[in-house]
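Please look over the sequence and the model first.

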Amino acid sequence: MAQRRRAGGWEASTRGGRDAPGWQCLAALANVYLHYVFDLWVQAWRRKRAHGDVIVVRFADDTVLGFQRKADADQFRAELTERMRKFNLELHPEKTRLLEFGPYAIEQRQWRGEGKPETFNFLGFTHICVKKKSNGRFTVLRQTIRKRLQAKLNEVKAELQRRMHASIPKLGKWLQAVVRGHIRYYGVPLNQPALHIFRFQVGRLWHRALSRRSQNGRVLWDRMRRLITRWLPLPTVCHPYPLRRMGVIT
């Protein structure tokens, strides 16, 4: 769990690894267990104990909480630690943080001479406080976690080596599905640069694999560009902001 202060508020988050064997089963069990250990308790705590607004977002054992008041965040952390202890659970000491985050964090930290607000990772994204270049207003920049991006590229590289001698159409269809799936998950506003990097690196790995089929089999980049254009989909925003996604013109 990580706690962090944001925009006149404070946030918290818990993260667990999703690459371990049997994670899906563990996640399902954790979701049921935490509903009673955490969800019901935190809703009651928010109604009875909090003095400011409290926002709760949980996915399996990953949780982010936003607190309007730092005092609420400190009190919640202490009481949650005790709550977990009753069920023989504990907060991960290295993944539990309290940090300032939100629309006022940039100015407040600059005024105190503390530099830029800290970032946090949640559900595959690094969340960053930024101001829009167009109007200077605050927004949360969500970028693909670098380690996740590199890990996925390493998986693609290993699989390309295994499929090195498959036909180009078969490789193209498989890579098309890989890139499309990546875009459908990470296709959020302002994350297009990371999506372009992923597509470019997949194309580069594909070019290397094709060129290593034989000593005289190097693929020229002119042909490779045509293959990339044909098979690898271009990045797009699949999850626009709620106001745009739910906008209705009458």
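Arg85 and Glu82 join their side chains in a salt bridge, with an N to O distance of 2.6 Å. The model is a predicted one. Both residues belong to helix α2, which covers residues 70-86. They sit three residues apart, about one turn of the helix.

How accessible is Arg85? Its relative accessibility is 48%, so Arg85 counts as partly exposed. Glu82, at 38%, is also partly exposed, because values between 20% and 50% fall in that class.

## A buried pair and its network

Arg109 and Glu100 also meet through their side chains in a salt bridge. Here the N to O distance is 4.0 Å. The cut-off for a salt bridge is within 4 Å.

Buried or exposed? Arg109 has a relative accessible area of 12%, so Arg109 is buried. Glu100 is at 6% relative accessibility and is buried too. The class applies because both values are under 20%.

The pair is part of a wider set. Salt bridges link Glu100, Arg109, Arg112 and Glu114 in a network. Over the whole structure, the search returns 14 salt bridges.

Lys152 and Glu155 form a salt bridge between their side chains at 3.5 Å, N to O. Helix α4 spans residues 146-162.

Lys152 has a relative accessibility of 31% and counts as partly exposed. Glu155, at 47%, is partly exposed as well.

## How α4 packs on α6

Two packed helices are described by the angle and the distance between their axes. Helix α6 runs over residues 192-211. The axes of α4 and α6 come within 10 Å and cross at roughly 25°. That angle makes α4 roughly parallel to α6, because angles under 35 degrees count as such. The crossing of α4 past α6 is right-handed.

Which residues of α4 make the contact? They are Leu149, Lys152, Leu153, Val156, Lys157 and Leu160. From α6 come Ile197, Phe198, Gln201, Val202, Leu205, Trp206, Arg208 and Ala209. By type, the contact residues divide into ten nonpolar, one polar and three charged.

Note on methods. Residues are numbered from 1 along each chain as its sequence is written. This is a predicted model: local features need pLDDT of at least 70, side-chain atom pairs count only at pLDDT 80 or more; totals for chains, interfaces and linings use all residues. Side-chain values use heavy atoms; hydrogens and water are left out. Helices (H or I, at least four residues) and strands (E, at least two) are DSSP runs, numbered from the N terminus. Buried means under 20% relative accessible area, exposed over 50%, partly exposed in between (1.4 Å probe, protein chains only). Axes are lines fitted to C-alpha atoms, for helices over the stretch in contact, and angles run from 0 to 180 degrees between N-to-C directions. Angles under 35 degrees count as roughly parallel, over 145 as roughly antiparallel, 65 to 115 as roughly perpendicular and the rest as oblique. A crossing is left-handed if the near helix is turned anticlockwise from the far one by less than a right angle, and right-handed if clockwise. Contact means heavy atoms within 4.5 Å. Ala, Val, Leu, Ile, Met, Phe, Trp, Tyr, Cys and Pro count as nonpolar, Asp, Glu, Lys and Arg as charged, and the others, Gly among them, as polar.
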